[in-house]
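Please look over the sequence and the fold below.

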Amino acid sequence: MSVVERAIDRLRRSGPPPVPERVGPVGTLNLPEGRTASRPEDAADPKIHIDRDALRAAGYLPESGQDRVFADEYRQIKRPLIATAFSGGGGIAGDPRLIMMASALPGDGKTFTSINLALSLARERDTSVVLVDADAAKPHVSQIFGVEKEKGLLDALASDAVDVEALVMPTDIRGLSILPAGSRGDLATELLASDRMQQVARALLHNNPRRLVLFDTSPLLVSSESHAVAGVVGQIVLVVRSGKTPRQAVIDAVAKLDESKAVSLVLNQGRRGMLGGYYGYGSYGHYGQDKDAT
């Protein structure tokens, strides 16, 4: 049995019935009346106000009574990512502060995991996080936080004159900012695969060495855009949905990833008690290292 298959065996168990993902705006921009954040004449930086009750009602936060347990589960997920991010790389190709959130197929809970991981990372005292909507085809993060009409990643990629940092939107949650997907065009994949993408990624880290950048991407097996993003990042988190993601789909998705990247598996909606909660975490490091899931 391969390293990947052993990791899957440790992570995948039958779980509760799938819960449909519900997408609706849970964020609003605080802007002067009649203005939009995309207008250059706006001197004040727009800030996204996140309605936590709406976020919970939309299914992107747990029931209020489960907050503590849920927070502990995401601490287990984020701690190895943070350690790798600030360890100097250890032979990983790409900057480990750039983290790609991936899934094999739609409906695996990748965006749900991206949002909650970003919220958990934002609680760190010594780091900040930018959640980047890099899913040009279906920009769920932008839609959820009400910024789907704002300029973002694709606009910065389309023009060398655009300062990507100026498009990063702070939220009213300390340490958390969001970079919308931006203006969709026919050349989204080419833009994500361009040298400019490398420049934009470096620019997001330039002013803050303690910043982590989380890219929410399209599913690996249904889009070429995610493969372009994978070439830029140093860490990749593959979200597997318990009882739903086929084993072969996970194996096929991992096979498409660069062997020099640090790849981790996160189980979404696993059965409580399997790994201490609903969200299991496993890592086998670079493919060249024979590490079992933990």
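How many of the six residues of strand E4 (residues 128-133) are buried? Six of its six are buried, and the strand is mostly covered. Buried here means under 20% relative accessible area, exposed over 50%, and partly exposed in between, with a 1.4 Å probe and protein chains only. Strands (E, at least two residues) and helices (H or I, at least four) are DSSP runs, numbered from the N terminus.

A word on the basis. The model is predicted: local features need pLDDT of at least 70, side-chain atom pairs count only at pLDDT 80 or more, and totals for chains, interfaces and linings use all residues. Residues are numbered from 1 along each chain as its sequence is written, and side-chain values use heavy atoms, with hydrogens and water left out.

The chain holds 10 helices and 10 strands. Of its 294 residues, 51% are buried. Contact means heavy atoms within 4.5 Å. Among contacts with a separation of 6 or more, 76% join residues 24 or more positions apart.

Return to E4. Ser128, Val130 and Val132 point one way, Val129, Leu131 and Asp133 the other way, and all are buried. Two strands count as paired if DSSP finds at least two bridges between them. E4 pairs with strand E7 in the parallel sense over six bridges. Val130 stands opposite Val213 in E7, and Val132 stands opposite Phe215. E4 also runs parallel to E6, joined by four bridges. There, Val129 faces Leu176 as its opposite residue in E6.

Now take E7 itself, residues 211-216. Six of its six residues are buried, so E7 is largely enclosed by the rest of the structure. Arg211, Val213 and Phe215 point one way; Leu212, Leu214 and Asp216 point the other way; all are buried. E7 is also joined to E3 by four bridges, again in parallel. Leu98 has Val213 as its bridge partner in E7, and Met100 stands opposite Phe215.

Strand E3 spans residues 95-103. Eight of its nine residues are buried, so E3 is largely enclosed by the rest of the structure. E3 pairs with strand E8 (residues 233-241) over six bridges, in the parallel sense. Met100 stands opposite Ile236 in E8.

Is Gln235 buried or exposed? Gln235 is buried, with a relative accessible area of 2%. Beyond residues up to four places away in sequence, Gln235 touches Leu81, Thr84, Ala85, Pro96, Leu98, Ile99, Met100 and Ala262.

Next, the cores. A nonpolar core is a set of buried Ala, Val, Leu, Ile, Met, Phe, Trp, Tyr and Cys residues joined through side-chain atoms within 4.5 Å. In soluble globular proteins, nonpolar side chains tend to be buried together. The largest nonpolar core here has 41 residues, and Leu153, Leu179 and Phe215 touch the most other members. Helix H8 (residues 195-206) gives the most to this core, with five residues. Another core, of 36 residues, lies apart from it; Ile82, Ile99, Ala122 and Ile144 are among its members.

What does Leu153 touch, not counting residues up to four places away in sequence? The contacts are Val132, Asp133, Ala134, Leu179, Pro180, Ala181, Gly182, Leu192, Met197 and Val200.

Val141 lies in helix H5 (residues 140-144). Val141 is buried, with a relative accessible area of 0%. Leaving aside neighbours within four places in sequence, Val141 is in contact with Thr111, Leu131, Asp133, Ile178 and Asp216. Ser114 is 27 residues from Val141 along the chain, and their C-alpha atoms are separated by 8.9 Å.

Last, the cavity. On a 1 Å grid over the protein atoms alone, a cavity is a set of points where a 1.4 Å probe fits but cannot get out; lining residues have an atom within 4 Å of a point. Grid points are joined across faces, edges and corners, and a volume is the space filled by probe spheres set on the points. A search of the whole structure finds one cavity of 30 Å³ or more. The largest cavity holds about 30 Å³ of space. Its lining is Ile50, Ile115, Ala118, Leu119, Leu131, Phe145, Leu176 and Ile178. Helix H4 (110-122) and strand E6 (176-179) each supply at least two residues of this lining. H4 gives the largest share, three residues.

Conventions: On a 1 Å grid over the protein atoms alone, a cavity is a set of points where a 1.4 Å probe fits but cannot get out, and a pocket is an open set with protein on both sides within 12 Å along at least five of seven lines; lining residues have an atom within 4 Å of a point.
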